[in-house]
Amino acid sequence: MRSAVDNPFNPGSDVVPRVWAGRTAQLVDWRAVLRPRLVHGLPERGRTILGEPGLGKSALVRRIAAEAAEAGDWVTPQIRVPSGSDPLKLVARALLVLAQDAGLASQRERRLADLLGRVESVAASGVSLSLRESTGPEPHVVLSELLVEIGQAAMARKVACLVHVDEVQNITDERALSQLLIALGDAMTHRTSFRAPGGVHIEQSLPIAVYLTGLPEFEDRAGAQKGATFARRFATTVLQAIDDDDLVLALQDFVIPGWEVPDEQGGLTAVRMTQDAVAVLVDLCRGEPFLFQLAGQQAWYAGEEAVITADQVRAGWRTAQREAAAHVERIIGRLPPRERELVEAMAQLPPADRTLTRIAERAGFPSASAAGPTSQRLDTVRGIIDRGKPYSFRHRAVEAFLTSDWPAVG
Ligand SMILES: Nc1ncnc2c1ncn2[C@@H]1O[C@H](COP(=O)(O)OP(=O)(O)OP(=O)(O)O)[C@@H](O)[C@H]1O
Ligand SMILES: [Mg+2]
């Protein structure tokens with residue numbers, strides 16, 4: 001009945017999960033703001049989506065890209081930047097594929113053939129191209145020229161094109177980062193002008209959507225280095241835990257009408273979840289998408305019957321408990337020492353006493369103001385705490401881990 005093949009939960013990364021929860025604001029931003037504005041020739045900034053590991057950054061943009069492709073838009077595959085690699089090469093390669101889709105590669109125009117040739121050199125040599133061939137234009141100029149061509153072709157077809165660069169925190173080379181941001185930014189802000197009927201002169205932006213996703217550290221690098229330019233060209237969102245209401249809603253399909261799976265006779269049957277099971281699962285995963293998938297996957301495996309019970313959710317969670325703990329330990333372990341000390345000090349205080357003064361004192365800062373920048377980073381850059389009155393945790397799994405025996409279940 002509940003076979004591995006039919007298990008709809010998947011805690012693996014880089015797939016669009018079948019059991020999807022929340023992220024409505026970001027999906028609506030694409031559907032109701034970004035895409036419509038772009039295809040109408042209106043300017044829009046790129047989107048940077050950052051967040052702690054496992055919050056669903058890649059999944060979110062992959063889902064948006066899948067929707068876009070469905071609507072006929074041209075999308076690059078998810079361009080993942082491995083640590084220390086040259087992003088210009090990767091983006092150049094992806095744009096060449098997009099150019100192919102756009103039919104640019106088959107056009108016999110000399111100018112286009114030359115341009116594609118130059119982009120191929122960037123795909124081969126990346127940022128170092130500018131060093132070797134000092135006579136030609138910089139790689140970023142070449143990339144943005146091609147992106148403009150693709151944008152113009154997309155505009156003529158009334159579709160958008162979407163570029164997704166993932167794991168941007170891995171771009172450690174400053175020159176490569178700056179060239180990449182300029183290449184994408186220049187294409188996004190490029191204006192084409194033409195004469196509309198009646199001789200009116202019209203200027204339009206190109207329908208180019210750029211999504212950058214990665215860990216929060218990227219913000220420091222891009223923000224500090226590019227200053228206002230980066231902020232003017234990209235709108236940044238820091239993802240937070242998913243609301244419990246959204247998780248409950250996502251599991252509603254299992255309550256009514258049930259999740260369809262094939263039965264042994266070649267027909268269909270349904271796997272259900274009791275409402276108690278839903279409540280327990282949502283409580284255990286603390287808004288973490290990764291833990292949501294993990295808990296769901298293990299609950300599915302915890303029995304064979306048509307109904308997933310609360311006890312099975314707990315039994316499944318026990319098998320995943322170590323992994324859940326490791327997930328949160330990784331998040332805490334990644335924090336620079338001062339940030340970690342602050343978070344730990346905050347967890348040790350009773351919720352009502354979590355003022356900056358008390359936290360700073362406990363964490364060994366000389367004064368409250370000395371802890372200011374650290375607490376600000378934990379709030380605005382990482383989204384782990386909320387500097388309200390008093391301070392509280394936004395990252396509920398980190399809170400649970402530090403203040404209770406979670407992930408243990410009774
Ligand atoms: N909106 C969502 N609803 C349900 N599950 C989700 C959602 N978003 C992500 N997930 C699941 O959470 C897990 C982590 O997602 P993803 O790999 O996208 O995170 P990430 O933020 O890119 O992590 P990393 O920083 O490690 O790259 C995946 O198993 C994914 O299927
Ligand atoms: Mg990711």
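**Salt-bridge network**

1. In this predicted model, Glu-52, Glu-217, Arg-334, Glu-339, Arg-377 and Arg-382 are joined in a network of salt bridges. The term denotes a side-chain nitrogen of Lys or Arg within 4 Å of a carboxyl oxygen of Asp or Glu. Over the whole structure, the search returns 27 salt bridges.

2. Arg-334 pairs with Glu-52 at 3.3 Å, N to O. Helices (H or I, at least four residues) and strands (E, at least two) are DSSP runs, numbered from the N terminus.

3. Glu-52 is buried, at 0% relative accessible area, whereas Arg-334 is partly exposed, at 26%. Buried means under 20% relative accessible area, exposed over 50%, and partly exposed in between (1.4 Å probe, protein chains only).

4. Arg-334 also forms a salt bridge with Glu-217 (3.3 Å, N to O). Because Glu-217 lies in helix α8 (residues 217-226) and Arg-334 in the loop between α13 and α14, the pair ties together parts 117 residues apart in sequence.

5. In the salt bridge between Glu-339 and Arg-382, the closest N and O atoms are 2.5 Å apart. Glu-339 belongs to helix α14 and Arg-382 to the loop between α16 (368-381) and β12 (385-386), so parts 43 residues apart in sequence are tied together. Both residues, Glu-339 and Arg-382, are buried.

6. On conventions, residues are numbered from 1 along each chain as its sequence is written, and chains are lettered from A and ligands numbered from 1 in the order in which they are written. Local features need pLDDT of at least 70, side-chain atom pairs count only at pLDDT 80 or more, and totals for chains, interfaces and linings use all residues, while side-chain values use heavy atoms, with hydrogens and water left out.
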